[in-house]
Amino acid sequence: MHKWGMVIDLDRCSGCQTCMAACHAENNIAIIGPEESAMGRTIHWIELLPYIEGEYPHIKARLLPRPCMHCEHPACIKVCPVGATYVNEEGLVGIVYSRCIGCRYCTTACPYTVRSFNWYEPRWPKEMKGSLNRDVSIRGKGVVEKCSFCHHRLLKARERAKAEKRELLSEDYIPACVQACPSNAMYFGDLNDPFSTVSILSRERRAFKLLEDLGTEPKVIYLSEGM
Amino acid sequence: MKPFLIGLAIGTAILLFFINFGSSFRPEQPISFNHKKHHEQGVECATCHSYFKELTFSGMPKTAVCMECHKDSITKHPDEEKIKQFQKNGEEIPWKRLYQQPDDVFFSHRRHVALAGMECKSCHGDIGQSEKPPTKPWVKMTMKWCMDCHTKTKANNDCLACHV
């Protein structure tokens, strides 16, 4: 069984936000207007979190790309009253949108704040009609959504492997953000395979996870900068 | 008491009318297509529904496909003239959709037919032997129905396999 995970090398990340753009296009993420944005109602499945390192005057501005961590022990699924979100066998945290009642317990419970609530009916400029991805459903008003590690791509990859009568290789499946990253700062693969790139990188000295002490065991591993 | 009873009677009558109307309402297809006849002539499913092996949907034939055989009148059926009329106006036959999935359910014909080797009749019944176009889906595609079959055939029964 695969255990999908991601490694983000902060040394290589230039903060260009290509991952965000790729994610928006891939996953039919609704475009939210400026007034709604000011209320904090934008939806991003991957976001660049800015933070400052060090003490003034020796400070460094840093940017940290933050997708869903796909935790082994996610806080979000424990609070869901309707069982709309769960971890599957391959370690992906999924949402069944038709079950979600929009209570937003999960958005509050998630320590990484990766979950967004659909406050409005999804809208796109009319020029974008026909450019939506048919493999990803459109989330209506009143449900919560988040990064799925482009799970639909896994389904497609598995289909392709089956058609070619071979086993699924870890190279077959990569999320849109990893594919789009121009500085190759993101890696994706099987954490259960000890020889995969992600496994090797996750054992590096620079490797760390966000809020590790919470015991959520995220499957997104960061490689720290400037060492 | 009396007005209440009259109201109740009228209400029940209206309710019964709607139930009756609802259950007897069947969408009529624009062409009374005879699957059996076409099948007997040696027309394969894929001749008209050309995409089910490659794509998520199976597709309905364009009038041009019908015209390949029906260019010259080969039957005396009045519907043949209808198809010609559609083609002359540059229109496609407005078939009524019977099988529908909710937006967050992903269904792929390719995955079921080409990859899992299922037959059309598992979901569409003996459509190849039908003489009239179906007016309702052969099976109500409830989640239980899907999952029962997935369990039986040991297919992936994870939520994310269908809910994308």
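Colleague: In what order do the four strands of the open sheet in chain A run?
Modeller: The order is β8-β1-β10-β9, with mixed pairing. Strands here are DSSP runs of E, at least two residues, numbered from the N terminus, and two strands pair if DSSP finds at least two bridges between them. This is a predicted model, where local features need pLDDT of at least 70, side-chain atom pairs count only at pLDDT 80 or more, and totals for chains, interfaces and linings use all residues. Residues are numbered from 1 along each chain as its sequence is written, and chains are lettered from A and ligands numbered from 1 in the order in which they are written.

Colleague: Which are the edge strands?
Modeller: β8 (186-190) and β9 (207-208) of chain A, each pairing on one side only.

Colleague: And β1 with β10, parallel or antiparallel?
Modeller: Parallel, over four bridges, between residues 4-9 and 220-223 of chain A. A:D9 has A:L223 as its bridge partner in β10(A).

Colleague: Switching to β2 and β3 of chain A, what do they form?
Modeller: A hairpin with six residues between the strands; A:G54 in the turn has a positive phi of about 90°. The pairing is antiparallel over seven bridges, and A:I52 stands opposite A:A61.

Colleague: How many residues does each chain give to the contact between A and B?
Modeller: Chain A gives 17 residues and chain B gives 10. Contact means C-beta atoms, placed from the backbone, within 7 Å.

Colleague: Back in chain A, what does A:C177 touch?
Modeller: Leaving out residues up to four places away in sequence, A:C177 touches A:C19, A:A22, A:C23, A:I46, A:P67 and A:M186.

Conventions
Two residues are in contact if their C-beta atoms, placed from the backbone, lie within 7 Å.
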